[in-house]
Amino acid sequence: MELLDALKLQWEWGADEALLDMPQDRRHAPPPAPLAFKAPQSPAPARPASRAAAPATLAGPEDAARLAAGCMSLGELEEAMRGFSGCALRDTATQLVFADGAPDARLVIVGEAPGGEEDRIGKPFVGPAGQLLDRMLGSIGLDRTKVRIINAVPWRPPGNRAPTEAEIALCLPFLHRQIALIAPKGLLTLGAVATKGLLGAEGQSGIRRLRGQWRQTRIEGLTAPLPCLPSYHPAYLLRIPLAKRESWQDLLQLRAWIETQS
Ligand code: URA
């Protein structure tokens, strides 16, 4: 019973992933060797100048915004985010889940945060919700190669909990910078987290009110506001299949808009 309680506690803390094939009993592990500091024998080789190689000791949204603004390509941004230590989610996630799809897509799809599968594989929307998203895109003649798929928060929150307001705000500059570097024609936000993150105060009204209506949103680094269509998150559709009817209406709107763009 004691063991079961300990397991339950770990689950509640969000430790719901096995990282190794064999369990490790750390109670009997030898203590780690003390760190030895050695004076450098010769000067360290100079690093190539790169804005993305900024120090990984940053903390707040202002630091994230400064770091993001210095990135001039998606590659630089990915490298900078990988090295950003200001978000505690990075410590519990397996890896950064940066993006999938075309780097020059005209439509950017924004989800919430990676789940377990995404965290393991390193790509957004590869679990059950992602498979539904693939089918939804297919139903209007799209696929992953024609869009860019990203998340409001790029690290998996432990136990798949929803990201907090503070985590969303901290990651927002990275989200804006990625959208600005792609420079799409429009956005599709899936669920309340992405919609709130990108629509600000307007996005607070709740996804059921906001879905299916195009809004305009300002993205840092882009001169003109971008049209943004909020819709339900596929994970919600898996839980509430009846909502697929409204989601289909949103997809039809999206397809009609795409046709006006070509
Ligand atoms: N849900 C999301 O919002 N994003 C993912 O990448 C996967 C599931």
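**Close-up views of a predicted model**

View 1. An N or O atom in the side chain of histidine 233 lies 2.7 Å from an oxygen atom of the ligand. Taken alone, the ligand exposes 240 Å², and the protein buries 92% of that (accessible areas come from the Shrake-Rupley method with a 1.4 Å probe). Asparagine 151 also takes part, with an N or O atom of its side chain 2.8 Å from a nitrogen atom of the ligand. At glutamate 112 a polar backbone atom is 2.7 Å from an oxygen atom of the ligand.

A word on the model before you move on: it is predicted, with local features needing pLDDT of at least 70 and side-chain atom pairs counting only at pLDDT 80 or more, while totals for chains, interfaces and linings use all residues. Residues are numbered from 1 along each chain as its sequence is written, and side-chain values use heavy atoms, with hydrogens and water left out.

**View 2. Here is the shell around the ligand.** Which residues surround the ligand? They are Gly111, Glu112, Ala113, Pro114, Glu118, Pro124, Phe125, Asn151 and His233 (a residue is near a molecule if one of its heavy atoms lies within 4 Å of it). This shell divides into four nonpolar, three polar and two charged residues; Ala, Pro and Phe count as nonpolar, Glu as charged, and Gly is among the polar ones.

**View 3. Threonine 189 sits in a strand.** Look for threonine 189 in strand β4, residues 186–190 (strands are DSSP runs of E with at least two residues, helices runs of H or I with at least four). Is threonine 189 buried or exposed? Threonine 189 is buried, with a relative accessible area of 0% (buried means under 20%, exposed over 50%, partly exposed in between, with a 1.4 Å probe and protein chains only). Its side chain is joined to that of threonine 195 by a polar contact of 2.9 Å (a pair of N or O atoms within 3.5 Å; within protein, one must be able to donate a hydrogen and the other to accept it, and residues adjacent in sequence count only if both atoms are side-chain atoms).

**View 4. Leucine 175 belongs to a helix.** Helix α7, residues 165–182, holds leucine 175. Leucine 175 counts as buried because its relative accessible area is 3%. From C-alpha to C-alpha, leucine 175 and alanine 68 are 9.0 Å apart in space, though 107 residues apart in sequence.
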